[in-house]
Amino acid sequence: FMEKAKEYVAKMSEELGRPLVAAIQTFGCQMNARDSEKLLGILEKVGYVEGTDEETADFVIYNTCTVRENANLRVYGRLGQLGAMKKKNPHKMIALCGCMMQEPEVIEKLKKSYRFVDLIFGTHNIYKFAELLTSAMQSDRTVIDIWKDTDKIVEDLPVERKYPFKSGVNIMFGCNNFCSYCIVPYVRGRERSRDPEAIISEIRQLVADGVVEVMLLGQNVNSYGKDLETPWDFADLLRELDKIEGDYLIRFMSSQPKDATPKLFDTMARSRHVAHQLHLPVQSGSDRLLKEMNRHYDVAQYMELIHYAKEKIPGVTFSSDIIVGFPGETEEQYAELCDFVKTVKFDRLGCFAYSAEENTVAAKMPNQLDEETKQRRADHIMELQAEVSAAREGEKVGNTYECICDGVDDETGMYLLRTKADCPEIDGNVLTPADTPLETGAFYNVTITDADTYDLYGYAEEKLED
């Protein structure tokens, strides 16, 4: 199928007198971002070049999300614009994939109202992309290939990384948790762990290629390995990855508190390469709401995890996610959450006003809150967190941290760096004047001279050699 797709791309390129351009727009999480890198790898293999302009691109792919609020509406709105572009450029191809495509209602709407889309596929069959692409090139109708679930994991797909110095690595797919507010288990399927040797081999090659930051990806990495024929433990995987020689960082997300263990934290503390940073979404500060969310832990158990991790892991930083306005959330329960946020003092916090996902348990619960109440509570929580974050950032002034350089920040024109405690997905950066050239992807000692609510400012003193 690769060869057939290559023939089509070569023929069209010859007719147009230029290379064909593909643009991928990614909505949603890091799993989607990694999937897009795989799609781009296959596209470049068959002859496309990467572009960013949807209007001039010959092939536009929307890798969709159905978890983030209003994600579906954004996709439909942009699809209408793409349809108008395709009328002017009939050879233009449009593809939709990702979590949103796993919802039957979405497929029916697309078939009825967006017939100009060439290809629709889901989350389980990305490895068939070259075959699906070939079919779409040869068909005058929409090619639709949606699998409800799969037990397949295909290794060694071509990947075109967005950044040369950092990379995500899938260690597992799917989710078994069925939190009452979440659609992910229905669109991503059941948990499927990759073979540990395949993961170790991939990361060893990435490090050899100069990657200095690896993000282990899964819907719940803490449950990695439970489904393997010979069961593994996530902490054991980290221990084996830590043996790979080189100067690099390992991070991971997402983590379910119910599967976090003292063994995991002990392993992080002893590791040379695992960042002392933990993203552990708590979602609520009310035991009753946690039970209705189907989270399988309570506030006391969560606090025990935090206390243990802080005791064992030097300088560990905590980030978390919470949901406000869950069905039936009372003012008293919301007050409990406010007290919880002030007590824990997270380094970073993401707060989301509850959004009812169709076909989830929570969407059918009584006592749904109005949008104004949900947003008011979310705004207030972030005001509380801003005070906490500002105080914690201020404590860092005068200290020196080992940081990785992400390049120049578009907004400020300053170099953007991150401490080992700040991952790419969590706000919080170190900004350094651009008067001294720094190397993207390199580590530097940075002395902090000032701070605001979420950012640090300082001067890079020296590049750290391997």
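Helix α1 (residues 2-16) and helix α2 (residues 30-46) cross at roughly 65°, and their axes come within 8 Å of each other. That is a handy place to start a tour of this predicted model, in which local features need pLDDT of at least 70, side-chain atom pairs count only at pLDDT 80 or more, and totals for chains, interfaces and linings use all residues. Residues are numbered from 1 along each chain as its sequence is written, and side-chain values use heavy atoms, with hydrogens and water left out.

**Terms used below**

- Helices (H or I, at least four residues) and strands (E, at least two) are DSSP runs, numbered from the N terminus.
- Axes are lines fitted to C-alpha atoms, for helices over the stretch in contact, and angles run from 0 to 180 degrees between N-to-C directions.
- Contact means heavy atoms within 4.5 Å.

**Helices α1 and α2**

- On the α1 side, Met2, Ala5, Lys6 and Val9 meet Ile42, Lys45 and Val46 of α2.
- The residues of this contact divide into five nonpolar, no polar and two charged (Ala, Val, Leu, Ile, Met, Phe, Trp, Tyr, Cys and Pro count as nonpolar, Asp, Glu, Lys and Arg as charged, and the others, Gly among them, as polar).

**Helices α8 and α9**

- Helix α8 (residues 234-241) packs with helix α9 (residues 262-270) at an angle of about 15°, and the two axes lie 9 Å apart.
- The pair is therefore roughly parallel (angles under 35 degrees count as roughly parallel, over 145 as roughly antiparallel, 65 to 115 as roughly perpendicular and the rest as oblique).
- The crossing of α8 past α9 is left-handed (the near helix is turned anticlockwise from the far one by less than a right angle; clockwise would be right-handed).
- Phe234, Ala235, Asp236, Leu238 and Arg239 of α8 meet Lys263, Leu264, Thr267 and Met268 of α9.
- By class, the residues of the α8 contact with α9 are five nonpolar, one polar and three charged.

**How α8 sits in the structure**

- Six of the eight residues of α8 are buried, so this helix is largely enclosed by the rest of the structure (buried means under 20% relative accessible area, exposed over 50%, partly exposed in between, with a 1.4 Å probe and protein chains only).
- The buried residues are Phe234, Ala235, Asp236, Leu237, Leu238 and Leu241.
- They pack against α7 (196-208), β10 (213-217), β11 (249-253) and α9.
- At the start of α8, the backbone nitrogen of Ala235 has a side-chain oxygen of Asp233 within 2.7 Å.

**Buried polar side chains**

- Asn170 is found in strand β7 (residues 166-170), and this residue is buried, with a relative accessible area of 2%.
- The side chains of Asn170 and Lys38 are joined by a polar contact of 3.0 Å (a pair of N or O atoms within 3.5 Å; within protein, one must be able to donate a hydrogen and the other to accept it, and residues adjacent in sequence count only if both atoms are side-chain atoms).
- Not counting residues up to four places away in sequence, Asn170 touches Met31, Arg34, Lys38, Arg194, Ile199 and Leu217.
- His279, in strand β12 (residues 277-279), is buried at a relative accessible area of 4%.
- The His279 side chain makes polar contacts with the side chains of Ser319 (2.7 Å) and Asp321 (3.1 Å).
- His279 and Asp347 are 68 residues apart in sequence, and their C-alpha atoms are 10.0 Å apart in space.
- Gln333 lies in helix α12 (residues 331-344) and is buried, with a relative accessible area of 10%.
- The side chain of Gln333 reaches the backbone nitrogen of Thr330 at 3.0 Å.
- Leaving aside neighbours within four places in sequence, Gln333 is in contact with Ser286, Arg288, Leu289 and Gly328.

**Backbone geometry to look at**

- Most residues other than glycine have a negative phi, and most peptide bonds are trans.
- The peptide bond from Met253 to Ser254 is cis, with omega near 5°, and Ser254 lies in the loop between β11 and α9.
- Asn294 has a positive phi of about 65° although this residue is not a glycine; Asn294 is found in the loop between α10 (287-292) and α11 (299-312) and counts as partly exposed at 26% relative accessibility.
- His296 lies in the loop between α10 and α11, has a positive phi near 65°, and is exposed, with a relative accessible area of 53%.
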